[in-house]
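Work through the exercises below with the sequence and the model open. Each task is followed by a stepwise solution.

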Amino acid sequence: MHDMTALTALGGASAQVDTFDGLEISECPDWALASLAGRLGQEAGSAKAAQAYLGKPLPDVGTCTAATPFYVFWTGPDQWMIEAPHDSHEDLAAQVKAAVLDTSSVTEQTDGWVRFDLAGPRCHDVLELLCNADTRSMAAHTTTRTRMEHLGCFLICRAVGHFSVLGPRSSAGSLHHALITAARSAI
Amino acid sequence: MRYSGLRVIKEALTGHKGWTPAWRDPEPQAQYDYVIIGGGGHGLATAYYLAKHFGKKRIAVLEKGWIGGGNVGRNTTIIRSNYLLDGNEPFYEMSLKLWEGLEQELNYNAMVSQRGILNLIHSDAQRDAFVRRGNAMILNGADADLLSVTQIRDRYPFLDFNNARFPIKGGLAQHRGGTVRHDAVAWGYARGADSHGVDILQNCEVTGFRVENGVCKGVETSRGFIGAGKVAACVAGSSGRLMAKAEMRLPIESHVLQAFVSEGLKPVIPGVITFGAGHFYCSQSDKGGLVFGGDIDGYNSYAQRGNLPVVEDVCESGMALIPALGRARLLRMWGGIMDMSMDGSPIIDATHIDGLYFNGGWCYGGFKATPASGMCYAHLLATGKPHEVATAYRFDRFRRGYMIDEKGMGAQPNLH
Amino acid sequence: MLIDHPLLGPRDSQEFTYLGDASLIDRPDWRAEDAASRFHDYLYQRDNPAGEHRELWFHETGDRSWLVVTRNTVTHEITSVEMARDVARSRGRGK
Amino acid sequence: MIQVNRLDGGQINTGRTLDFTFDGKRYQGYPGDTLASALLANGVRLMGRSFKYHRPRGVLTSGSEEPNALVELRSGARQEPNTRATTAELFDGLEANSQNRWPLLKFDAMAINDRFSNFLTAGFYYKTFMWPAAFWEKLYEPIIRKAAGLGSLSLQEDPDQYDKGFLHCDLLIVGAGPSGLAAALTAGRAGARVILADEDFAFGGRLNAETFAIGDDSGPDWVATTLAELQSLTNVRCMTRTTVIGAFDHGIQGAVERVSDHLPTPAPDKPRQILWRIYARRTLLCAGAIERPIAFENNDRPGIMLAGAMRAYVNRWAATPAQKVAIFTNNDDGHRTAVDLMSKGVTVAAVIDTRTDAPRVADCELLSGAQVVDTSGRLGLSFVKLRLADGSERTIECGALGVSGGWNPNVHLTCHQRGRPVWNEAIAAFVPGGDLPTGQSVAGAARGEFSTHAALRTGSKEAAAALRDIGIKARAIALPKAEDAPVNLQPFWYVGEGKGRAWLDQQNDVTVKDVKLAHQENFRSVEHLKRYTTLGMATDQGKTSNMGGLAIMAELAGKSIPEVGTTIFRPPYTPVAMGAFGGRSRGKHFHPVRETPSHKWAVEQGAVFVEVGNWLRAQWFPRPGETTWRESVDREVRAVRGSVGVCDVSTLGKIDVQGTDAADFLNKVYSNGFAKLAIGRTRYGLMLREDGIAMDDGTTARLAEDHFVMTTTTANAVNVYRHMEFVRQCLWPDLDVQLISTTEAWAQYAVAGPSARKLLQKIVDPEFDMSNEGFPFMACGEITVCGGLRARLFRISFSGELAYEIAVPTRYGDALIRRIMQAGEEFGVVPYGTEALGVMRIEKGHAAGNELNGTTTALNLGMGRMVSKKKDSIGSTLSEREGLNTDDALALVGVLPRNKTQKVTAGGHLMSLGTPVDAAHDQGYVTSAAYSPILNSSIGIGFLRSGGNRMGETLRLVSPLTDSDIEVEVVSAHFVDPEGDRLRA
């Protein structure tokens, strides 16, 4: 096993957590990501193979599926993102590819993104200063891609009052600054 | 009637009884030698030069609404000749020279104000490009000046020099650039053309062209048929709409460009400033309003209004460049329709239909071109040959591969 | 503006990047006799109507779909939105 | 300090006093006051000066339509010019100053203009100041500019922050007067998502300004009860101090919430204002109406105001402009002012009604069929001169005059999508037309329903109707009993007699005479009238003045008012601080920053950074003792060419291309072929736009039969991805290919130099063959490093040296650069930045952004042969156009100064020797230049006409802009190792 030490997207050795009255904003580095895209004409086979590997069918447009240890969210037509704990699934993309073989295209996305979780009743007041998604009417396990701080981000509602924001990793600092500034402003 | 300070005094003392109409409202005649479609700056200038410089008679300008109601009445009033390419620079430099003598030529104070234009530089690559441009300007007989950060700081201390995301690294200035009172340009040319016998026909909309075996005989209008020796379309913004009546497709899309003005303020910005790291340029009118704008909305539109994303984008850039603007208030926003051409440069050319000519595709650079456009179009109409500074503005340049693409954006109008 | 995405419902046009006339889907055959002329018309000539306009929008900060939007260029009213891929296929485009 | 004109009652909290200053003088007011009401209460009528003639002015209105009472609020960096005293909420310590006067408001030297008003009529400046030409910029204009403008900007950075946000609702209600409140109750009780927004700091609209009862409650009490219920509903969001500024496409509304303007300064971390983008499925406009004045001679003196405003000051703010007032009206509503003022103990000298059959409403003198023909009082009204019905004259002493010419429905927002209002004869005013913005309907006074009862009724009814539209059932509320007086008015716009000036637009000093002059000079279209006289172009956009102008123009033209038409109403409804539109995108946060994986490490090394798009890249790494950037860069270049260096190249775009048709796909987007590229190999690709111009270039590696990794230039990553999705979805939809960006997922470093292999052998795990045979030039592969970390290795070279690019997951990028530096110590490895990178690529003649400038072709770049004619690829057909293939086409060449001490200037133009130096003889231009420490000379690459055939020729490189003119020799662009032996070593 290699001995290389990882940095979080914010450049720390450990994840950053910021607490507000009624909201916690936390950096979540411990997740591996792999994109899954059904090959043309093999969408059915792709879905079948994915279901076999995940234990649950792939989620429909705009929704997510919790299939512990996996969490899967829709990202585009015939395209999904699969999330799994980094410790146990650092080679997630390889595992998925091995499961779906030529039915699908799989690409490692783990470090393409920084993930921030917003948990707490005040999350809507903060998110409404950041993006045009109607978070108050988003149900649990729904997702949308939206614009935050000029960046294209995935917004996932994991539960009532619990959102994940996935943004481009290289802009983690700017995205974090925007989240914190909005929280201080709204709360 | 001749305007002068003395005249103003005389009229003041006699109750202003003597002022006469700036232009007549004649009835259309059945036949003209030249019918110019479009009572905007370019159309009126074309009529003026056709009558004054080429001695032509029997000229009419047809305007569907009120003269000066198009882009000459909705722009950010900037004049400059800071172009890069040989196809453009001589034309715009001639235009600037015409601006410099315009008021005396027209006996009308259009407030041509050469307070300078500055394009800011924020990166080395940008500097290389601006040096090439500045040199091209000088090689074409225009003025250009490369300013250091210190020089810019002295002139514009209120720009963000200390905390900028994209620091200012210099600027390319053209001191002869500036602004003009836009409405007055239309009125001045109208008054000048009228005094040389040109009929200005307002509320006269062209509804069709009468073409007989490949020759254009005249136009159908809301005020009846008007016969013409030569018909000259000059309706930038509506070119697509108009030329469709002659079954012509054009290398042009119509897009909306928003512009903005602030409440009146005591003088803060002497010249024109253009941000190089975002979409924002700004000047201050003599009345005190900050006149500013940015990028086009980006979608085809004939509606003279835009939407919030661009308003915000422009003001974000404005705040990034001039952090003091936060407390100035935006008073009014409006939209003009731009003829966005396929290479960002205009067309002044004859069409495939005999007797039908076209002037358009000015993108959002049409105002500064008004005098030269009028002069060159008049030249083409009067002599049948393109003016020497407008030889590149041909329809066929795209087919033959001679694009004049200042920005290097290719065949995508909304990127020019 | 709001673009009613076939999959995602109404989305702010700010999430999209505009390309232009949907006829850009109909790319000419490079082997045609008059290919040069066809490509010229395809790339440079526009109907540019004042009225209904079929146009291409890319959902840049969304699901990365290209859409064909039918929009009135005078009123900005949008009357239909389709997945560009389906439109392309329906217009005979394939491999 | 006593407030001489403060009355009893009103909606102010007299339990607490607030200190404030105006022009340095101290006054007191109460919470609930505006600056205007507090000044009136203190007996101050003079609040400003007009734009052109610097006439003394006081408040005309009690709201955001105010043209006169504009002040500079606050001081220092927070100074706000042109702030309406009528909407500025009083706070303790408020500091306001009058503007556009010198030296004092009371004694304004510029008032001299008023004496010369005869010379300064509409458009006079178009007729003079033309001789001599040069005098305009030097003399006339500076004077005009100095005199013009209103308030002044501090030019200091705005210290406050602004937010932007997004709201969603079923129904947005604009205005919280009786109709808005009734609408909110209706929609709120139905469970709809409602936003109720009002620009005022108190809900209630005119109910706060009138003495109307609603049912058994007073107006304000009913408002309070209603508000209490609305605030108890979680589905209703009540927003005071929130102005809906514009109705944009498809129901999107812009609104500005003034969060902190009523405070001395915003609380820490809190915004001054928030710009809301409201996605409203339906919008109900309940914006009420705006009263209009009547024009008469000297109708602009402080103390002369709209009758409804006078009523508002007395009823809501318990402040009267004077102890003795008169009323001038052409309608019944004006009489209410007399009644309300008298009930508060203010003396009403007379009600002057232009109608001969004026009703007797107030218990004071009524002068029917009379007109105000002139006024006097230098800094404030003291007398009004009347012409009575019998033709006789009479003068009345009064300190204030309430004027009512009727009311105009506030149609502004109904016209934002170019809908036009229509004329309603009954109320002699424009009302909303049929062509409303998407999803909008109108209720109450905004659509000409002027009675309180009608406001409540239409508000509730329209709310229910709007909700029904979107499938929400709502029941109209039970209507409380309320005032329901009909409108009684006889249109009357201006008093004909008198030689003096009668003001229409008080801020811009446009008088009845100016309109007549415009007509005389043929500026008759309503737009010409506006632009020639500046009528309605002031900060109030003519809210109180346009109608008068239209009426007079109609009369002169012998047309009806609707025939003359209105000018176009445009957003914003009231002026908006630019900061609000800018939001948080300011200073360092204007755009997000993109940091490279080695950023933290580079900072530790003291690297100098440069912005490349949004990226921050290390430009060079200064060493102790190095005093100029050149020293550092030269060292870095020598080190790379001498041994080995490492550079973070993660910013290059990386696109994962997979699918059974991936190779076919690449064949279409690249001008050169990729079908035959072997697995484990990399190839340079040139991408054209459809017009045949070079779009982007980069290397693409084939990791498997159906898997490629493409690299793009840093600048074009996003455009190229979009373009490829277009090709995939719109042009060849049946190709089996999937795309996804992986730019951010990998930390990628270039390791370049003769010792690169030796260095990397210490990083790459031993089972991978790094030998030149095992891993030759242009090889690529998936490997592991540092004991099993998955990585990618490419043997590609931008520097021209033996070089690799090695990539690991981004989180390990920091660890890898440290490991590489450690392993390279024995070889003297150096980190190098974008400058050294640039020098080396110029030494090798590699095209980059400056060469791929959007106008250059493959031919220009010397890659003409790369454009395959055997296949269809984007751009191949149009790249063959004549203009792009002329015999003297530009070709990429290198240039060397004849004199090695001279500098090649990027952006300089190339000229043949002995020809004139002008555009006509331009031979080309230098795109990139650098100092090559290897050649010990400044070098450049650029484009030259027929460049390919001119090797060895001597040219002039001129840059008049930078005063440079040197002789250069034309050479191959490949300055270093043209055969490429080094990179294959």
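**Exercise 1.** State which residues of chain B the UniProt record assigns to the feature "domain: Rhodanese", and describe that stretch.

Solution. The unreviewed UniProt entry puts this feature at residues 34–78 of chain B; such annotations may be inferred rather than shown by experiment.

The model is predicted: local features need pLDDT of at least 70, and side-chain atom pairs count only at pLDDT 80 or more. Residues are numbered from 1 along each chain, and chains are lettered from A in the order in which they are written.

**Exercise 2.** Determine how α2(B) and α7(B) are arranged.

Solution. Step one: the axes of α2 (residues 41–52) and α7 (residues 182–195) of chain B come within 8 Å and cross at roughly 30 degrees. Step two: the helices are therefore roughly parallel, the term for angles under 35 degrees. Step three: list the contacts (heavy atoms within 4.5 Å). Leu44(B), Ala45(B), Ala47(B), Tyr48(B) and Tyr49(B) of α2(B) meet Ala186(B), Tyr189(B), Ala190(B), Gly192(B) and Ala193(B) of α7(B). By class, this contact has nine nonpolar, one polar and no charged residues; Gly counts as polar, Ala, Leu and Tyr as nonpolar.

**Exercise 3.** Is Asp363(D) buried or exposed?

Solution. Asp363(D) sits in the loop between β19 (347–353) and β20 (366–368) of chain D. With a relative accessible area of 71%, Asp363(D) is exposed (over 50%, 1.4 Å probe, protein chains only).

Key
Side-chain values use heavy atoms; hydrogens and water are left out. Axes are lines fitted to C-alpha atoms, for helices over the stretch in contact, and angles run from 0 to 180 degrees between N-to-C directions. Helices (H or I, at least four residues) and strands (E, at least two) are DSSP runs, numbered from the N terminus. Angles under 35 degrees count as roughly parallel, over 145 as roughly antiparallel, 65 to 115 as roughly perpendicular and the rest as oblique. Buried means under 20% relative accessible area, exposed over 50%, partly exposed in between (1.4 Å probe, protein chains only).
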